[in-house]
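Trainee: I would like to go through the terms used for this structure and see what each one rests on.

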Amino acid sequence: MGETKSDVLQGTLDLMVLKTLESMGPLHGYGIARRIEQVSDNALSLNQGTIYPALLRLEQRGWIKSEWGLSDTNRRAKFYSLSRIGRRQIEMETENWERVAATMARFLTPSQ
Amino acid sequence: MHIQLPSQNTMDRFRTLRNRIASLFSARKLDADLEEELRSHIDLATEENLNRGLSPSEARTAALRRFGGVTQIQETYRKQRGLPAFEVVNRDLRFGLRQLYKSPGFAITAVLTLALGVGANTAIFTLIDSIVLRPLPFPHQDRLVTVTTGGFFPKGWIRALQQNSTSFTSLSGYGRNTESNVTGTNSAERVFGSSVTTNTFDTLGIHPALGSFFTSDNAIQGEDNVVVLSYGYWRDRFAGSSDAIGRIIRIDGVSRRILGVMPPGVQFPDADTRFVIPVAFKGGDPIDPWFNFDLEGIGRLKDGVSPASAQAEQRRLHNQLLPLFPWRMPDIWDSNPSVTSLLDAVVGDTRPKLVLLFAAVSLVLLIACANVANLMLAKAASREREMAIRSALGAARKRIVSQLLIESLLIGALAGITGLGVAYASLRGLTLILPSDTPRLGDIGLHWHVFLFAGIASVLTSILFGLVPALKMSSPDLQNTLRSGSLSVIGKGAKFRVSMALVIGQIALSVVVITTAGLLLRSLYGLSHVNPGFTTARVVTAEVALDASACQQHGHCQAFFQQLVRQLRGDAGIEDAAVVSTLPMTGNNFNYIYDAEGYPRDPIQGAKLATGRNISANYFSFMGLRLLQGRLLTDSDETGTSRAVVISQHMAQSLWPNHNPIGKHILSVGDETGPGIFNPEKASIIVGVVSNTHHDALQSTFGDEVYLPVLQKTETSVMNILIRSELPASQLTPILRNTVPSVDPSALVTHVRSLDQIVASSVSSTRALTVLLLGFGALALGVGVIGVYSLIAYIVNWRTREIGIRLALGASRWEILTHILKQSMALSIMGSFAGLVVAMAAARLLKSFLFEINPIDPLTFCAVPILMLLLAIIAAWIPARRAASVDPMNALRAD
């Protein structure tokens, strides 16, 4: 289970999922994927399927939990929601990302 | 700069691992779950697309496109969900099982040969575990030690050691395990019991299962009429009832109150001890504690005291305590006490025998390993192309090795399980082969150690036999295989070199095992041809016992046995009867300690020792002892006035080599007025010299023997009856059980057996060892023959085409046949040579097990290679015949 070079990207997706669940409440995989696309204004056109390994990863860590339920249109779907650990984790992850983003921003804005 | 990425902490990792492991057990359900989840995803997307106005087929296509590769996601998901390494192993295991299933002949041969090896090893290990390794049933049993000399201590000596020794937290004495007449419950019976000092249970650290143990008061004569029963005796005789406590039983005519019951599993001092009575002191009597030399010492060492330092202390104390005796003791008495751990003392000389068996059986396992390695090599050769293609397709060398090793482990595991079954099944037979005096015989059973051993043995052997073919198969040479068509690396390139080496090794190891067995067989044969010095034909013996208190009435015991012999002579089917105090070769000897005329002795020196026997006058003719000088004893000597004794030739020659022994005097130290004071007036007079006997055991040398008449003052309550009759022991038992009580109703008859049986049991340990080694030798040979056969068959198979060419070019079938046989014999000769060299080196270690033969016995060392050569021919016969019958046309056309 060694971390690979895609860790940064994985981390991004993980945080997006967590944030989505935080703001939207329990949601199925398709809903999460759609929400991420909408928030990023379709700029981030990910293969929706990649959301599932991310969901599995988060669930294995115990940050989210899942439950079968019915969608708005009465379709059986698996709903994901934040666990207690997940809620606590969001704050930490957000902080991390803000620091990374700020660092990157400093690199990218031309110095005066 | 350090950017901390969103990462998992330890708890996350732990939860992840737990999840992954859990998922292994519900993979099927999780797969279905994922499938449904993905389907629902596509459906939801399709639905949304439909709402946006796309046609149904467009909506679904768009949904699938947005999702990406479904199969790919499923694959990634599954990998992430479980434990990939585990799944690889799992897959290899299934693949291995399929491989075995596909070639059942190979699988059965491999598993069975190995199972026999593992089974034999496990069985012998079970013996080692049960007898040598498992602790005795006493708390902190490793602190328990025996304190022994050649002989026995008087109780006063034990008490003196208790008071002066600082090495022990507790020190006790225990007596010999002897049979007594027990009455007072149902019928009278002969039961083994012992006497122990009252603190013995504290030393052992055990508590009564019922009632109580002795108190120190029980060590005072008059207070000592109590008894503690073994758990088994209590259960058998008193049906395990608590009413037994407080009841009175009569032991050798003395009434004793039952105090308590020992805990189950405790066998002290011996396996067949059924009761113990206290050692008691006559209050205020200064001489009484020093009379009877009948105890051995057992102690519990203080923490931090080693047996060696306790022994050093014992040796220091010896000189200091010797003056406590009320008379002057010889200096050599107890001058070298030894302190041994109790377990070692119990196991005794069984340990080296078990080690020998284990060594032999390990060799058998190695032979089986070589066999399986060879089978696997042969099988691997047929899979060369598969392996070559695999590695050409990019399989890592490590993966191929691990795949092959897992196949070996699978065979090992199957063999281990089968082997455990073999061991379990053979255990009963094994305990029957063992001599009945094997220590802890009743404890033998499968304990968890044994399972651990079988597990480790099968894993280690799998690696041992799996590694050679695995490494060979993954070697880079294999790449040439693909290039060179059907030619095989193992077959052609290496010319079976590894396989041949393995077979030679197998033969060599078989030679070592079979030579060892052969040497023991020769010893046993030699022993069976030793003339014991007495005739055993048609002689049945029985022990007849009065209560020990019966002889208090002087002459009663003497008269009883005289009367019994007269009575028995009159019984139908009995030709003659005689009486002797102790039978030869039973280990029960009576030590006749004496001074001899012409050998003055300083009081501080030890007296002479001979084996004494009190006999009825017809004993000599009965046992076929020849008179060499003087006269034999007569009935009239039993009055004691003649003071006549007869000695053995060995004793006569060692005492008076150049003089006539007739008329010389010997004096038992018991009759001396003071140590070393020789009074010819009281001494016995030698009236005759008879031929020697191997009275101890067949393998022992002649010793000094003294034959004394049964006198009123030397009468004993227990004697052995000898009967000459055509009837077997089983038919004589009822006659004896009928006649003996008619003379005295209190007398008991036990141990009815033929003298032949007694002589045979004196070599039972050698016989058991030989039987087991022969068994292992046969196993080694069997497995070895299979090894030779499979190699030759394989070679023949491989060379079919070449043989066909030779035949086509005019070679005769006889030439082909002898060529193959010669090849097998060459292997056998090389293996035998190597094996004999090893056997020669190892033979010296066998010396203590052998009887009167040279460890490098020429007969054995010649017979074994001849046997191996014969077996080589037999093993190669079928493949050689097949080779000779090859049809050249078919052989050339094939492939």
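Predicted model: local features only at pLDDT ≥ 70, side-chain atom pairs only at ≥ 80, totals over all residues.

Trainee: Which residues of α2(B) and α3(B) meet?

Mentor: On the α2(B) side they are B:H41, B:I42, B:A45, B:T46, B:N49 and B:L50. Their counterparts in α3(B) are B:P56, B:A59, B:R60, B:A62, B:A63, B:L64, B:R66 and B:F67. By class, the residues of this contact are nine nonpolar, three polar and two charged. B:R60 and B:R66 are in the α3(B) part of the contact, and they count as charged because Arg belongs to that class.

Trainee: What makes α12(B) roughly parallel to α24(B)?

Mentor: Helices α12 (residues 350–382) and α24 (residues 764–798) of chain B pack at an angle of about 10°, with their axes 10 Å apart. Angles under 35 degrees count as roughly parallel, so the pair α12(B) and α24(B) gets that name. Their crossing is left-handed. The contact of α12(B) with α24(B) has 20 nonpolar, five polar and one charged residues.

Trainee: How do you know that both faces of β17(B) are covered?

Mentor: A residue is buried if 20 or more other C-beta atoms lie within 10 Å of its own. B:A644, B:V646 and B:S648 on one side of β17(B) are buried, and so are B:V645 and B:I647 on the other. For the strand, residues 644–648 of chain B, the count is five of five buried.

Trainee: Which strands pair with β17(B), and in what sense?

Mentor: Strand β19 (residues 684–690) of chain B pairs with β17(B) in the parallel sense over five bridges. B:V645 has B:I686 as its bridge partner in β19(B). Strand β20 (residues 705–709) of chain B runs antiparallel to β17(B), and two bridges join them. At least two bridges are needed for a pair, so β17(B) and β20(B) qualify with two. B:V646 stands opposite B:Y707 in β20(B).

Trainee: What makes β1 and β2 of chain A edge strands?

Mentor: Three strands of chain A form an open antiparallel sheet in the order β1-β3-β2. β1 (27–28) and β2 (64–70) of chain A each pair on one side only. Seven bridges join β2(A) to β3 (residues 76–82) of chain A, and A:I64 stands opposite A:L82 in β3(A). Along the sequence, chain A follows the pattern α-β-α-α-β-β-α, with four helices and three strands.

Trainee: How many residues of chain B are in contact with chain A, and which element gives the most?

Mentor: 28 residues of chain B are in contact with 29 residues of chain A. α1 (10–24), α2, α3 and α4 (70–81) of chain B each give two or more residues to that side of chain B, and α2(B) gives the most, with seven. That side of chain B has 10 nonpolar, 10 polar and eight charged residues.

Conventions: Residues numbered from 1 in each chain as written. Chains lettered and ligands numbered in written order. Contact = placed C-beta atoms within 7 Å. Buried ≥ 20, exposed ≤ 12 C-beta atoms within 10 Å, placed from the backbone. Axes fitted to C-alpha atoms, helices over the stretch in contact; angles between N-to-C directions. Parallel < 35°, antiparallel > 145°, perpendicular 65-115°, else oblique. Left-handed = near helix turned anticlockwise from the far one by under 90°.
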